[in-house]
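Dear colleague,

I am passing on the structure below, followed by some notes on what I found in it. Please read the notes alongside the coordinates.

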Amino acid sequence: MRDAAPTAPQPKYLADYAPPPVTVTHVDLHFRLDPLATRIRARLTCERREPGEMVLDGEQLKLISIAMDGAALDPSRYTLTDTALTLHDAPDRFILETEAEIAPETNKALEGLYMSGGMYCTQCEAEGFRRITWMLDRPDVMATYDVEIEADLPVRLSNGDEVAPGKWHDPWLKPTYLFALVAGNLVATSDRFTTVEGREVALNVWVRPGDEGRTGYALDALKRSMLWDERVYGRAYDLSVFNIVAVDDFNMGAMENKGLNIFNSRYVLASPETATDSDYANIERIVAHEYFHNWTGNRITCRDWFQLCLKEGLTVFRDQQFMQDERSAAVQRIGDVLTLRARQFREDAGPLAHPVRPESFVEINNFYTATVYEKGAEVIGMLRRLVGPEGYAAGCALYFERHDGEACTIEDWLDCFAEATGRDLSQFKLWYSQAGTPVVTVREDFKNGRYRIDLKQETPQTPDQPNKAPLVIPLAFGLLGRDGREIQATRIHALDTATDRLEFDLDEKPILSMLRGFSAPVILQHDQTDADRLILLAHDTDPFIRWEAGRMLSKSRLMAAVTDGAGFDAGWLDALHRLATDEAADPAFRALALALPSEDDLAGSLHAASVVPDPDRIHAARKSAQRAIADRLADDLPALRAAMAVPGPYDPRAADAGKRALGATLLRLQTLRDGGDAARAAYAAADNMTDRMAAFTCLLEARDTSVAAAFEQDWKHDRLVMDKWFMAQVAHADPSEAVAQAEALTQRADFDASNPNRFRAVLGGLSAGNPAGFHRADGAGYALLADWLITLDASNPQTAARMSAAFETWRRYDADRQTLMRAALERMRDAASSRDLREMTDRMLG
Ligand code: PHE
Ligand code: ZN
């Protein structure tokens with residue numbers, strides 16, 4: 001347990017930033033590892049910059065000894081509390097030596113030094129280092145490190161270069177949050193890479209014995225990432241070794257520690273038998289993301305945690321660019337927009353809305369959000385669109401040159417672009433401070449050869465921000481003729497006022513293709529006719545717009561089905577039929593275009609249209625739409641499925657993955673017609689996990705749970721595969737049974753709540769995977785999740801608080817559900833043992 005929070009904890013403010021009076025320039029660490037009594041000797045080289053006390057952070061540490069410049073420090077010269085070590089009269093230059101004792105074995109928060117599957121590992125971002133030793137645990141204190149690890153273990157790793165077995169030196173300045181240590185009985189898959197600068201780099205992926213056959217894809221992704229960053233951003237690697245370690249118990253996806261990336265094992269380990277196509281894609285993206293942090297995050301870091309988007313938004317943008325280059329750009333962009341809308345728009349529309357650069361927080365762990373990451377990445381994309389690719393490259397080059405080795409702010413970043421391009425970015429900067437998703441309304445008018453587009457922008461109120469100023473919104477658009485020909489190629493209009501008008505002289509009213517490539521993270525309100533959307537779907541030059549037009553057609557049908565029980569018209573079904581059977585189109589694109597808006601997306605859109613969403617009706621409407629599509633495609637399904645068969649050995653790359661994705665979509669439709677016959681055959685024939693999971697989830701939806709036992713029999717030895725098994729049974733259960741199913745799974749001996757992946761599989765399988773089940777009218781879903789989050793919060797506040805965001809939509813629903821969700825939130829707030837969960841529940845209750 002940590003800081004019990006009986007009263008609301010105090011926030012920190014960006015405006016209060018002040019540099020520390022005394023800083024640390026070098027850190028010397030000696031670890032003697034032991035599960036219950038690890039000893040850490042720290043020798044800090046300290047330098048005064050300004051008058052004032054030196055306050056070092058330290059939590060859950062037992063003090064063994066403390067000395068200054070070689071002599072024991074008299075107790076009158078320092079004060080030690082649960083969270084800090086204060087030196088009252090620190091001189092201008094001195095060496096501080098402390099010895100601390102901690103118990104990694106009992107650390108279930110997975111922050112600081114802990115144990116997972118028999119190995120020692122660390123997680124220091126954001127403020128975990130203070131659980132290892134006393135230090136200025138803040139990103140603006142950058143130091144070089146020497147580390148020695150004493151343990152009877154074959155593999156002992158830390159940051160930098162290994163100077164002797166178990167001894168490491170990191171020559172690059174870094175803040176505490178990038179420190180890492182790993183020790184255990186591990187095996188490596190290794191390779192080499194020569195940088196453009198001629199540096200020879202040893203690459204290793206470290207895993208537990210038995211997992212070494214599943215490291216190849218991560219290693220391949222790493223090499224491609226290194227090449228890409230050299231080629232596209234001119235950034236080369238800067239140490240003689242790059243280590244990646246896979247850890248089973250991890251709160252997040254992965255961590256960019258200097259030269260020693262630590263990964264949740266689900267984002268490293270992959271084999272065709274155990275990992276799906278989306279696992280492979282995630283591994284590729286996350287390996288790239290962490291590698292790219294070496295420059296955007298590590299060489300140049302954040303001055304304070306308010307600037308988190310400086311490294312995260314930029315690095316997500318870079319990993320998205322990488323994925324577009326390595327895979328299909330169109331499919332990647334559509335996927336990124338889907339994620340942004342599903343997570344960030346949802347966040348922006350509720351009580352947890354906050355700016356890309358927040359101005360206050362209680363617990364920084366609560367701000368590793370879709371807004372900081374995904375909207376942060378969109379802001380970089382808009383900057384690039386506004387200054388153009390050359391301006392962007394020039395701004396980046398200036399940033400790397402000017403700020404290498406520094407801890408920076410968003411102002412530092414934007415100044416580089418203003419200077420490199422001569423552009424005034426003061427209005428653009430509002431994207432960092434103003435929360436909420438702007439709504440851009442488009443009205444068209446055509447009279448006497450004059451075509452007019454009237455534009456209006458409005459950003460809704462968000463917590464603490466009642467009034468919003470107009471933003472600079474890059475709107476990429478084009479025009480089509482009624483025959484589908486493009487009559488105006490893509491142009492970018494920077495909308496920077498509340499209203500604006502564009503005018504064209506034309507013979508006939510064109511079809512407006514607005515927000516090509518999703519050029520800004522806004523909600524577009526544009527009443528287009530079905531006829532126009534069908535033309536865009538069939539002919540637009542921009543694949544995002546083609547997909548978006550199809551999605552709008554589907555969404556309008558689904559909204560009508562929910563609100564008025566409307567049926568499904570032949571025009572729409574014919575359009576989907578044309579898409580499904582369009583052999584010229586990329587199968588991955590066809591799969592995306594056939595996918596209906598999610599239940600949560602529909603609930604959010606209904607709410608935005610002032611309709612109270614009914615989760616059961618939404619679920620039913622989606623199901624009947626799928627049945628209607630299955631019936632329309634019935635005659636073609638066998639041939640279409642056959643055409644998606646992928647011969648030869650499994651290849652995770654985009655071409656085959658796209659075929660499997662469309663194949664799975666078609667199998668889902670087929671299952672609605674044959675009750676599972678095709679899926680049973682597909683399950684039996686599957687020779688890879690992608691096909692197996694597709695068939696398994698189809699059968700669960702057809703209420704054939706018999707395969708679950710066989711699946712378990714085949715895979716019970718494999719933790720990552722069993723996570724899929726746990727999740728699928730909840731996410732694909734009938735909504736009326738999902739809560740009972742989740743509850744039953746939590747009773748199993750192999751449900752280990754202290755493993756975040758397993759916890760998320762079951763409870764996230766309910767709250768995110770089965771919305772109608774979670775929102776069961778009697779509140780049983782809310783109660784189950786609240787119970788488990790309260791339990792988890794006592795040991796792992798970070799994951800408990802993160803998952804509590806399942807309740808952020810509570811104000812969307814009917815009075816009865818609101819009462820039940822509010823009660824669950826109040827119960828969590830009152831029982832919160834951490835400031836993490838306390839802050840989240842306080843914010844959601846408003
Ligand atoms: N910095 C990590 C990333 O984005 C995420 C992370 C945050 C991991 C906090 C662990 C703890 O790559
Ligand atoms: Zn990151």
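**The segment 101-167**

Over residues 101-167 the chain is 0% helix and 43% strand, and the end C-alpha atoms are 20 Å apart; helices (H or I, at least four residues) and strands (E, at least two) are DSSP runs, numbered from the N terminus. The model is predicted, so local features need pLDDT of at least 70 and side-chain atom pairs count only at pLDDT 80 or more, while totals for chains, interfaces and linings use all residues. Residues are numbered from 1 along each chain as its sequence is written, and chains are lettered from A and ligands numbered from 1 in the order in which they are written.

**Backbone**

The peptide bond from E125 to A126 is cis, with omega near 0 degrees, and A126 sits in the loop between β11 (119-123) and β12 (143-150). L110, in the loop between β9 and β10 (112-116), has a positive phi near 60 degrees. N448, in the loop between β25 (439-447) and β26 (450-458), has a positive phi near 50 degrees. L110 counts as buried because 24 C-beta neighbours lie inside 10 Å, whereas N448 is exposed, with 5 other C-beta atoms within 10 Å; the cut-offs are 20 or more other C-beta atoms within 10 Å for buried, 12 or fewer for exposed, and partly exposed in between, with C-beta atoms placed from the backbone.

**Ligand 1**

The residues around ligand 1 (C-beta atom, placed from the backbone, within 6 Å of it) include E125, A126, H289, E290 and E312.

Best regards
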